[in-house]
Amino acid sequence: MRFNKAAFTSLIWCCLYPTSAFQTISTTSFRMNSSNLSAVGKHGSASPKYSAGGPKVKRVQKDKEAAVVSDSADSNSRRQLLFSLLTTSIASATMKAPVYADSNTPIATSTFEEESVANAFKNYVGGKLITPPMDPRLYDVFTLPNGLKVILCSDPSSNTAAAAMDVHVGAASDPDLVPGLAHFCEHMLFLGTKKYPDEDSFETFLSANGGSSNAFTADENTVYYFDMTAEDDKKLSEGLDRFGSFFTGPLFTESSTNRELNAIESENAKNLQSDVFRLYQIEKSRANNLHPYSKFYTGNKATLLDGTKKNKVDLRSELIKFYGKYYSADVMSLGVVGPQPLPLLKEMVLAAFSDVPTNESRLGVKPEQSWAGKIPPFLPGNNSIIPAQKNIVEIVPVADIRQVILTWPIVFESVEDKEAQFLDKPAFYISHLLGHEGPNSLLSYLKKQGWANGLGSSTDAELSDFYTFQVSVQLTEKGLKNIDDIVEAIYSYIQMLRDDPMPRYVIEEVVQLSELEWRFLTTSAPGSYAQSISQNLQKYPEALTVAGPRRLALREKDNVLIDSNKPRSGFTSDEQYEITVESIGKLVSKLNVDNCLLAVVSKTLSSKAKKTEKWYGTKYNVSPVPMAVLNKWSDCKKAATLGIGYPRPNVFIPDEKGLVVKKPVKDVDKVNKPVPFEERLKPISPPTVIRDDGEGGKWTVYFKQDEKFGQPKAYAIFQLLTKDVYATPEKAALASLYQVSANDKLVEYAYDASLSGLTYDIQVLPRGVRLTFGGYNDKLVDFATYISRKLSRDVRDLLPNSIDEFERYRDEIRRALAGFDVQQPYSHAIYYTNLLLQPKSFQYTNSEMRSALESLTLSDLEKYVETIWDSGKVEALIQGNMNEREALDFVDAVDKTIAFDSMPATEIPPRLKPLPVPETVPNEAPIRISTAEPNPSNPNAAIQVTYQCLDTSEKSHVIIEVIASIISEKFYEDLRTKQQLGYIVSCGVKAASTARLLSFVVQSSVAPTSRLNGEIMKFVGEVKEKFLEPLTDEQVSKFARALVLKKTDPDKKLATEATRNWNEISSGRLEFDRRQNEAKTLLTVTKDDVISYWDEFVLGKSGKHRVLVSEVIPKNGAASSKSPAKTYIEMSQLGIDDVQTYRTDREKEIE
């Protein structure tokens, strides 16, 4: 796949957290790093497997209910290195067309002339900026006198503005004696500037204006960004001025420099048990020692403090020197998105960024000129810590994952070669084929042999002089024993690409699908979009800043760029086609045995792994691949003899007749025009009931025809409310087996559909079975009917064919559940909080699920699926490019297909009611659950302190959001910036049905939970006096108005609106104008309201409050303490064995 394992990862989340009924409303100070491929955090990480535009995660948990439907453009995720990563929260990245190049050999023969490096794309003829056909926003691209490149985007319909600065220097430019300096510099820019010296000045400003900020450090780029509400022109101008001061006069004070080292150390400690970082560093250790890719990017105290002292280097002086040398206006690019008109945005930018200095001594010189084309990135022999080509590295992971990974370094021959590959993108086509999951595919063959569960293919590392192309196979136990044959099969496919001409329709379809996405590309959130365009301004010709990463075949001729935004149905000429074919052929020739870095990952390799990687402590073994095996792979079997071939034509690509929008966009004359504040408070039209069979009937159907987004897409959600499908842990485990098996059996049919923008999802939930379909409505009904029939009537076709296949699926889920043990400690703390707040039937414990899974048989699964669709009541939503008659016909088709019977209303499972936390008086110990960190190698302690409010009034719900916006940044500033207690520090609000939860989360490698708990309670005790009472009503109103602007910001995608409407239906609240009602209520919130709420629900001044503390205690390290008991006598203290008794007791309160 290229790369999306959404179905599998969704299932994994279900296994670990069978339901998550809690929706994150606000985590405005959440500064954390998720183990994904674009690691970030405030302040960010030296990014492993950097992927521009990747997810910037600021949440502790994922809300299953909140992500019901997804836009097809977003579902085509970038490849994840650990696509079966069972240890971390699931995050999906926005698809970005990769960037490529090629070379005849991994040994550099490049001719990177300095003048060429400094003047990228100078030989190409281009025109004006190309933007998507459906993008009504206005743009301006220009260069300031100091050389800083700027792209502006005016979006009057939005309430939010954002800015991002891409500085073209990253961790690859770290001085040899100071690993991690670029990353450390990124941290330091947030800690005060000459114009705004207070360390928390920027974050305090953003917090008061509904904003947030973050940054990340990559190989060759460091990206800083922020967003905020932008109703007030003066405030946005001030925000840009504050941001601009990062690049004109950071302070780098002695005290903050010394203190921020602790943050770097905490961040590194968090990453030590992450397989993403560990495998990444192994790969880097195979690079040429002299090449910057081999460096340790993140840094820690050993490199930044101990190392500098040992080498008699003054860290602060080195930091200032690094900043002065590389932070030059001529290597920066700025992206700004806001509702203001372009002239005003330009005026703001000129005022804020014209004084960014230019380093005249390095004018036109880019950092990579010191190595690109001069130092080979990879070399055979003993030029690296771990041998590179023709060797196999066997790695022991933290999680129970099994993979074989083939990585080919592709070195650019010259700057011109690099630019051509940027424009032609040959790897996109090759990864499309190698990662295909349809009939006759490589994965289909591997699955038939019982060797693989999944396969991904894409580019990976990306530097100025090379990139890597990678194929990764998720292995079964049997596959682990047949590595040589799996690798040979991969080379058989590559040999087919080399020897057998690729059918033109295959290449044309890739372009056609890309252009289909381009044609209906919708606007994205200002924050992510500002990041994207700021980075692309560095990577592409100016005209392709927007289109470059989103389209293929960017050259009309050898040196002529495309100049139109008009969608294409394929290549515009034979010459354009031939350019692409030639580029593909060049890349295929580099995917050979001699150029490959081979790695195998499995916990079963521990007995062989005698070596230890320096920075993360990863155990590994390395040995030469026997010559006989290399020869076997070079002289591999013909693909046809294995039943492998090119994909057949994709029948799911919509035709032009199916792309007609049936209802014109309402008020089209108002598109991209400012929306008056009063207009924003008016509710949008809700879905209407078009079929209601009554209380004991079969169907209640909600419908809304789109007249806002103007796309030929629709989404349909059908939830069969039925009893017993999730009634016990055994049935929940059977549900997981059913989902894994069904998805696996359907993939060959559904894969082409997914490429064409059609999606489906099946989830067995506590209240029944939910089917979700979405995409271009041209073939949506036929697709949904087929999937529904297979899932319900032909269900035996979707079950395991043998005991071996059943065991393969069980193994997948078993390892997913075991992956819980090696998640981050803060995830464990949150997990136990959620567990104690949900009824037993809505979330079974991880241990219950693991035990239940082992007791099941294939016969149990066969019996389970026979009755799952028998009876119930369906709640449904159909929204998008359909009229009412078509929607009713859609329902009839599904009704006839599933053919279920109605169920008495009394047997419908009840909706979620959160468990009330027992009330305690303020001076009493709150309810506390203490658990031991299950991973003995993780030295981090974690705690979550949660205040529960059961008041269901709208005003109560919005007051807590105002409070969170006031105090969240203060909490972060205190515990993270000043006290340096940990890298992960968060304060935010979550919704749990009609309840609200105010939570404080800290993870620390330096302080035990007793200290963390004490500091949180101290902070909470001082909030009223320090942060609430000093406020004026006017200041409270500003915080409230910022929330109003965020709540009333128009949806950018149909999928977003459909998801929100479905949440109202599934919850039974049916308040489709909730956002507008809450916005109106926010305007009435006063200072007295805020203080009264704090007194009653947090401080318990009325006598009682509801507080829950979840703490995770590590076994080793500075943050460890006495290991908690599994059970306690005290009513307020819980151990892991007390969980179910507690939940049973609390359920009595809601009966």
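**Close-up views of a predicted model**

**View 1. Where helices H23 and H28 touch.** Leu780, Val781, Ala784, Thr785, Ser788, Arg789 and Ser792 of H23 meet Phe890, Ala893, Val894, Thr897 and Ile898 of H28; contact here means heavy atoms within 4.5 Å. Sorted by class, that contact has 7 nonpolar, 4 polar and 1 charged residues. (Nonpolar covers Ala, Val, Leu, Ile, Met, Phe, Trp, Tyr, Cys and Pro; charged covers Asp, Glu, Lys and Arg; the others, Gly among them, are polar.) This is a predicted model, where local features need pLDDT of at least 70 and side-chain atom pairs count only at pLDDT 80 or more, while totals for chains, interfaces and linings use all residues. Residues are numbered from 1 along each chain as its sequence is written, and side-chain values use heavy atoms, with hydrogens and water left out.

**View 2. How H23 and H28 cross.** H23 (residues 780–792) packs against H28 at an angle of about 20 degrees, the axes being 9 Å apart. That makes H23 roughly parallel to H28. Axes are lines fitted to C-alpha atoms, for helices over the stretch in contact, and angles run from 0 to 180 degrees between N-to-C directions; under 35 degrees counts as roughly parallel, over 145 as roughly antiparallel, 65 to 115 as roughly perpendicular and the rest as oblique.

**View 3. H22 against H27.** Here H22 (residues 729–755) and H27 (residues 858–867) pack at about 90 degrees, with axes 10 Å apart. H22 is therefore roughly perpendicular to H27. Lys731, Leu734, Ala735, Leu737 and Tyr738 come from H22, and Asp860, Leu861, Tyr864 and Val865 from H27. By class, this contact has 7 nonpolar, no polar and 2 charged residues.

**View 4. The Asp499–Lys638 salt bridge.** Asp499 pairs with Lys638, the closest N and O atoms being 3.8 Å apart. Asp499 sits in H16 (residues 483–499) and Lys638 in the loop between H20 (627–634) and H21 (677–680), so the pair ties together parts 139 residues apart in sequence. A salt bridge is a side-chain nitrogen of Lys or Arg within 4 Å of a carboxyl oxygen of Asp or Glu. Asp499 is partly exposed at 37% relative accessibility, whereas Lys638 is exposed at 53%. (Buried is under 20% relative accessible area, exposed over 50%, and partly exposed in between, with a 1.4 Å probe and protein chains only.)

**View 5. The Lys662–Glu886 salt bridge.** Lys662 and Glu886 bring their closest N and O atoms to 2.5 Å. Lys662 is in the loop between H20 and H21 and Glu886 is in H28 (residues 884–898), so this bridge links parts 224 residues apart in sequence. Both ends are partly exposed: Lys662 at 38% and Glu886 at 27%.

View 6. The closest N and O atoms of the Asp1051–Arg1060 salt bridge are 2.3 Å apart. Asp1051 is buried, at 11% relative accessibility. The protein's salt bridges come to 63.

View 7. Ser317 belongs to H10 (residues 315–326) and is partly exposed at 43%. Its C-alpha is 9.4 Å from that of Phe252, 65 residues apart in sequence. Zooming out, the protein has 35 helices and 29 strands, which are DSSP runs numbered from the N terminus (helices H or I, at least four residues; strands E, at least two). Buried residues make up 67% of its 1151 residues.
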